[in-house]
Structures are given as C-alpha cells and as structure tokens.
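Let's take a walk through a protein chain together, stopping at a helix, a patch of charge and a few salt bridges. Keep the structure open beside you as you read.

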Amino acid sequence: MNCFLIIILSVLIGTYLLDLIVDTLNVRHVKTVLPEEFEGYYDADKYKKSQEYLRENTRFGIVSDTITTPITIAFILFGGFNMVDQFARGFNLGSILTGLVFTGVLLLALQVLSIPFSIYSTFVIEEKYGFNKTTPKTFILDILKGWLLIAVIGGIVLSAVLWFFEKAGPWAWLYCWIAVTIFQIFLMFIAPVVIMPIFNKFIPLEEGELKKTIEDYARSQKFKLKGIFTMDGSKRSTKTNAFFTGFGRFRRIVLFDTLVEKHTVKELVSILAHEMGHYKKKHIFKSIVISILSTGLMFGILSLFINNRELFAAFKMQETSIYASLLFFGFLYSPIQMVLSIFGNMLSRRHEYDADEYAVKTYKASASMIAALKKLSVENLSNLTPHPLKVFLSYSHPPVLERIQAIRRISSQPSPEQP
C-alpha cells in the first residue's frame, strides 16, 4: 500500500480516536457538586443545565466527526479528488483558474456538508439552552457573506501562491511566505472597518459613566484609544464577550451589547484592562510573530511535496498539479499543526495569566474582575472543571477556577511601595 496513504489514513483515524477519548474523559470529569467558588452565582438547576449543555455539545461533536471522518476517507479511497480535478480541467482554463475551480468545488461541497450540522447546532442545541437569537434570514445571509469573503480573499491568496510556485522556482516558498504575511497583516488593519461590519453593526459607545471610566483608565495607562464600540452580538446569541481589534488608527475596543447589559462598570473595565494587558505585554505582537514563523515553516515543508507522484497516487489522481499539492499536503501537515497548536495554547494560557496580573495591578479591582469571570462563565454555561488533557490539547484560556485562584494570589501580594 502507498506509504502516504497509510500516513494520511492513520492521521484521520488517529485524530478521530484521540478526540473521542479526550471528549469522553472531559464529560466524565465533570463534577456534580458545584465548586464552592461559584456558590451564589450558579443555582443547582443552572449548574445542572451547564453540564447537560456540555454533554449535548460533546455528543453532537462526536456524531459529526463519526459522519465526516468516514466520508473523507471514502472520498480519498474512491478517487473523489480525481473526479473533481477532471471536472475542473474540463473547462480548459489556465492552471491557476483550474486550481481555483478545483478548490472552489471542494470548499463548496464541504460548506454544503456542514450546513445541516450548523443548523442543528444553532436552531436545536443553542435554542434549547436559551442562547440562540439567530433568525433563518441572518443564518442564510451569514453563510452567503462567508462564501463571498472566502471567494474573494481566498481566491486572491490562492492565485498568488499558485503563481509563485509556477514562476519563482526553488525560492517560491519564500516569496509565498512574504506575500501571505503582508496580506495577513493588511487584513488585520482593515478587518475592523471593512470585514467585520459586513456581519455586525458597530455603534460608538454612548457618553456616560462607562465610557468616561474606560477613557480615564486608558489615559492612566498611556494607552491611546481610537474608538470604543458596542457590537450587536444579541443579533445571534445571548452569549457575552469583549475584545480589542485592529492596529494603529483602526484599533478599537468592542463590547458585545449583551455584555454591557449584564455587568457593572467596574466589571466591564476590569475585562478591558485584561485585554489592554495583552497589548501592553506585547502578547499580540508575539502571537503575530509566531504565526508568521509557523507560516514560513509550512511553506518551507510544502515546497518538498509539490507534484510528488507518490502523494498523488495516494489520492488516486491521474495528473499532478500545484493546486492539488497544496490540498494534499494539508493532510500530511495536520499532525505538525496539532503539535504547534498545543505549544501555541500553552503560550496563550500563560499570556492570559499575565494579562490578568496586569489588570489586577493597574486597575486594582480584583473583586470586580473575579465577579466578571464568574458571570461570564455562568452566562455562557462554561465547563468549570474540564479534564486536564482537554485543557492541555485545546484550551487557549486557563480554566476559570485556576484563573480566579491566580488573581486572588496576585491581589494578596503587597504592592511595591509597601514595606
């Protein structure tokens, strides 16, 4: 049997089994007794509801994987990629346009396959637990807008990558790396004002105590604000969130309207102080650098597999091509990507602790910050006691109980000016 086929099937089946084991352990790790820290925030019924929400989402994820994994394997073994390739070549377009058709057909099929799962998740599970606010119209428009963005942005990036690998010789991977990096940074700047408003409305925060307190705190930290906005998160869900986005003159603070409704001024500012900590501690910059280096590694390894006949034979392809090489390489790269994501999550969890520490030491409202974390967990029915292996493999944030303990330790330390 083709060695690449053995590797790819092992990766697909191994990933499925690993996810199954981890998710099962995670559900069984749930504590039926409410942690003492959350007494007064969760009542018995709502805590039970959060556990049911976890179990139902886990079961749904397992069912989804159990359906999609065999479909993917069958598509490989029965030459599905070759059929799509022959269809794309039938238009007699150039190699780049053929690559766009090939990729577009596969992405469209993948999107269509995912729609029933998205419908069930949104209109059954999220509805059942009181989160869903998405109307069928919004749901359909989100899908169409997403497809349009993929077609435009993805088409530009894919065309550039294919052109470089066709024309630039052995250094093509380097030119692709540079071009994609420039494009990604460009998108980071324009996303807040061009892309994100396609899906949501951003309204400047009205004058009042909240805005003044945020501005006073930002001024005390010498942090220049370019705008404070509320976002109509309630258009799709009752879940709450807040984030910083953009760079330079496009940088803005965004608060979900659902967050503003449910939290006090001190709690909201403590949340934003945490987000500001990411900027002050240069976490955003470090993450961008790591992402750029990871992209370079990916392109460097990819260049070794362009038009590899053994790899194409694993997918029963009649002809080789650069565009199919990109896709097939993705199957081989996924274990490397998983390892990189584990290290990325470890760093991200460390950054979260650092940002919490920054917020506690500069805003000096640890009680409000802890209250905010508790409310966020309750509002979103978060799992309070995830399994350590689940945290290790996929959590970008530390479990909330561990964050609260760390905040209490920081707040109990004497300030530098104290003897």
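Find Lys282, which comes after helix α9 and has a positive phi, near 60°. This is a predicted model, by the way, so keep that in mind at each stop. Now step back into α9 itself, which covers residues 265-280. The helix has 16 residues and stretches 22 Å from its first C-alpha to its last, close to the 22 Å expected at 1.5 Å a residue. Is α9 enclosed by the rest of the structure or left open? It's largely enclosed, because 14 of its 16 residues are buried, and buried here means under 20% relative accessible area.

Lys282 turns up again in a patch of positive charge on the surface, where it gathers with Lys222, Lys280, Lys281 and Lys286. Take a look at Lys222, one of that group. You'll find Lys222 in the loop between α7 (209-220) and β2 (228-231). Its relative accessibility is 74%, so Lys222 counts as exposed, the cut-off for that being over 50%.

Next up are the salt bridges, and the count comes to 15. Start with Glu37 and Arg408, whose closest N and O atoms are 2.4 Å apart. This pair links distant parts of the chain: Glu37 is in the loop between α1 (3-28) and α2 (44-77), while Arg408 belongs to helix α15 (residues 400-412), and the two are 371 residues apart. Glu37 counts as partly exposed because its relative accessibility is 24%, and Arg408, at 39%, counts as partly exposed too.

Asp85 has 0% relative accessibility, so it counts as buried. Arg89, on the other hand, is partly exposed at 24%.

One more pair: the side chains of Lys211 and Glu207 also form a salt bridge, 2.9 Å from N to O. Which of these two is buried, and which is exposed? Lys211 has a relative accessible area of 16%, so it is buried, whereas Glu207 counts as exposed at 65%. Some salt bridges share partners, too, and in this way Glu37, Lys374 and Arg408 are joined into one network.

Definitions and conventions:
Residues numbered from 1 in each chain as written. Predicted model: local features only at pLDDT ≥ 70, side-chain atom pairs only at ≥ 80, totals over all residues. Heavy atoms only, no water. Helix = DSSP H or I, 4+ residues; strand = E, 2+ residues; numbered from the N terminus. Expected span 1.5 Å × (residues − 1). Buried < 20%, exposed > 50% of the residue type's maximum accessible area, 1.4 Å probe, protein only. Patch = residues over 30% accessible without salt bridge, like charges linked within 9 Å, V, L, I, M, F, W, Y side chains within 5 Å. Areas by Shrake-Rupley, 256 points an atom, 1.4 Å probe, with all protein chains shown as cover. Salt bridge = Lys/Arg side-chain N within 4 Å of Asp/Glu carboxyl O. Lys, Arg positive; Asp, Glu negative; His and termini not counted. Charge placed at Lys NZ, Arg CZ, Asp CG, Glu CD.
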